[in-house]
Amino acid sequence: MDISVVIPLYNEDESIPELFAWIQRVMTEKGFTYEVIFINDGSTDNSWKIISELCEKYPEAKGIKFRRNYGKSPALYCGFKEAQGDVVITMDADLQDSPDEIPELYHMIKEEGYDLVSGYKQKRYDPISKTIPTKLFNATARKVSGIKNLHDFNCGLKAYRKDVVKNIEVYGEMHRYIPYLAKNAGFDKIGEKVVHHQARKYGTSKFMGLNRFVNGYLDLLTLWFLSTFGKKPMHVFGFLGSIMFFIGFVAAAIIGGHKLYSLASGTPDRLVTDSPYFYISLTMMIIGTQLFLTGFIGDLISRSSQNRNDYQIEEEILKK
């Protein structure tokens with residue numbers, strides 16, 4: 001199979017038929033073999049009814065229905081798990097991503113050898129309350145990830161070599177950082193394509209709000225820490241703990257040495273416990289020991305929960 005199109009959605013019943021017809025037209029014109037996997041992320045409208053009807057009528061349509069709303073990353077995770085195409089395309093269901101971009105994205109993966117190609121919505125039809133934070137977010141993501149050539153990490157329109165989606169784990173809200181996840185997994189040929197961004201045709205965005213940007217930065221910090229120290233937490237906790245313990249020990253030794261010198265020379269001196277520096281040095285030694293043990297324990301346990309990607313799927317329509 002040439003292409004798998006993975007579409008996570010939440011309450012997009014008005015746009016689903018038009019989007020599927022558009023994808024069908026593009027695929028037929030180019031002669032691609034394909035599948036379209038809709039992941040219904042707990043929609044409360046008629047989205048699943050429409051997906052079911054498409055699946056009954058067209059063998060290329062497939063559907064996964066979550067029992068409740070989990071978010072975009074879990075939806076992508078389940079879609080990637082089922083995808084069979086040599087190239088996997090992700091796009092949003094709101095018709096703001098154009099299926100006409102699919103042939104060129106496919107070409108960049110198959111002919112130009114990219115592992116991942118991310119869309120770049122150079123001209124956006126979003127309110128300024130969304131575009132300005134997005135620019136700041138993308139600048140930070142480029143700096144932290146080291147992927148300097150990407151301008152729009154959060155663009156839903158992306159293309160992947162099949163090996164990429166089968167070897168990365170998208171969880172929590174990490175869909176924003178799939179290029180970073182791919183890079184950490186060894187897929188470092190990452191490209192970008194300027195894509196057409198259309199104004200929303202139906203309804204309103206389901207992903208507005210300040211919290212998405214706050215969560216985005218927190219997720220980026222988490223991913224940076226895990227990719228840098230996740231497999232060897234002793235490298236950070238053990239190092240910091242050792243430094244603090246050493247400074248505290250030296251400070252305590254100086255205080256003790258000064259007291260011993262005073263006793264030996266017969267010079268009157270206050271008790272060691274009367275010095276605030278004694279308690280500061282003792283506290284540093286205790287904190288240093290705790291940090292060291294944290295790193296040691298972190299090396300002994302897995303950072304991955306067995307149930308992290310255990311999502312309750314109510315119904316599936318998956319034709320092999």
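## Strands, salt bridges and a nonpolar patch

Valine 194 sits in strand 7, which covers residues 190-194; helices here are DSSP runs of H or I with at least four residues, strands are runs of E with at least two, and both are numbered from the N terminus. The model is a predicted one, in which local features need pLDDT of at least 70 and side-chain atom pairs count only at pLDDT 80 or more, while totals for chains, interfaces and linings use all residues. Residues are numbered from 1 along each chain as its sequence is written, and side-chain values use heavy atoms, with hydrogens and water left out.

Let us stay with valine 194 for a moment. Its relative accessibility is 46%, so valine 194 counts as partly exposed (buried means under 20% relative accessible area, exposed over 50%, and partly exposed in between, with a 1.4 Å probe and protein chains only). Leaving aside residues up to four places away in sequence, valine 194 touches Glu101, Tyr120 and Gln122, where contact means heavy atoms within 4.5 Å. Valine 194 and lysine 121 are 73 residues apart in sequence, yet their C-alpha atoms are 6.1 Å apart in space.

Glutamate 101, one of those contacts of valine 194, is found in the loop between strand 4 (87-90) and helix 4 (102-110). Is glutamate 101 buried or exposed? Its relative accessible area is 11%, so glutamate 101 is buried. Again without residues up to four places away in sequence, glutamate 101 touches Leu157, Lys193, Val194, Val195 and His196.

**The protein as a whole**

The protein has 10 helices and 8 strands. Of its 320 residues, 46% are buried. Among contacts between residues at least 6 apart in sequence, 81% join residues at least 24 apart. The accessible surface comes to about 16,500 Å², and 58% of that belongs to carbon and sulfur atoms; the areas come from the Shrake-Rupley method with a 1.4 Å probe, and for residues only the protein chains shown count as cover.

**Valine 5 and its neighbours**

Valine 5 lies in strand 1, residues 3-9. With a relative accessible area of 0%, valine 5 is buried. Which residues does valine 5 touch, not counting residues up to four places away in sequence? They are Ile23, Met27, Glu35, Val36, Ile37, Ile89, Met91 and Ile102.

**Salt bridges**

A salt bridge is taken as a side-chain nitrogen of Lys or Arg within 4 Å of a carboxyl oxygen of Asp or Glu. By this rule the count comes to 5 salt bridges, including the ones in this table.

| Pair | N to O distance |
|---|---|
| Lysine 62 and glutamate 35 | 2.6 Å |
| Lysine 121 and aspartate 97 | 3.2 Å |
| Aspartate 115 and arginine 161 | 3.5 Å |

For the salt bridge of lysine 121 with aspartate 97, lysine 121 lies in the loop between strand 5 (116-120) and helix 5 (128-145) and aspartate 97 in the loop between strand 4 and helix 4, so the pair ties together parts that are 24 residues apart in sequence. Lysine 121 and aspartate 97 are both buried.

The salt bridge of aspartate 115 and arginine 161 links distant parts of the chain, 46 residues apart: aspartate 115 is in the loop between helix 4 and strand 5, and arginine 161 is in strand 6 (residues 158-161). At 13% relative accessibility aspartate 115 counts as buried, whereas arginine 161, at 24% relative accessible area, is partly exposed.

**Helix packing and a surface patch**

Helix 1 (residues 16-30) and helix 2 (residues 47-57) pack at an angle of about 30°, with their axes 10 Å apart. Axes are lines fitted to C-alpha atoms, for helices over the stretch in contact, and angles run from 0 to 180 degrees between N-to-C directions. Ile16, Pro17 and Phe20 in helix 1 meet Ser47, Ile50, Ile51 and Leu54 in helix 2.

Phenylalanine 245 lies in helix 9, residues 234-265, and its 35% relative accessibility makes phenylalanine 245 partly exposed. Phe245 is one of the residues of a nonpolar surface patch, together with Phe239, Leu240, Ile243, Phe246, Ile247, Phe249, Val250 and Ile254, and the patch has about 860 Å² of accessible area. Patches are made of residues with over 30% relative accessible area and no salt bridge, with like charges joined within 9 Å and nonpolar side chains (Val, Leu, Ile, Met, Phe, Trp, Tyr) within 5 Å.
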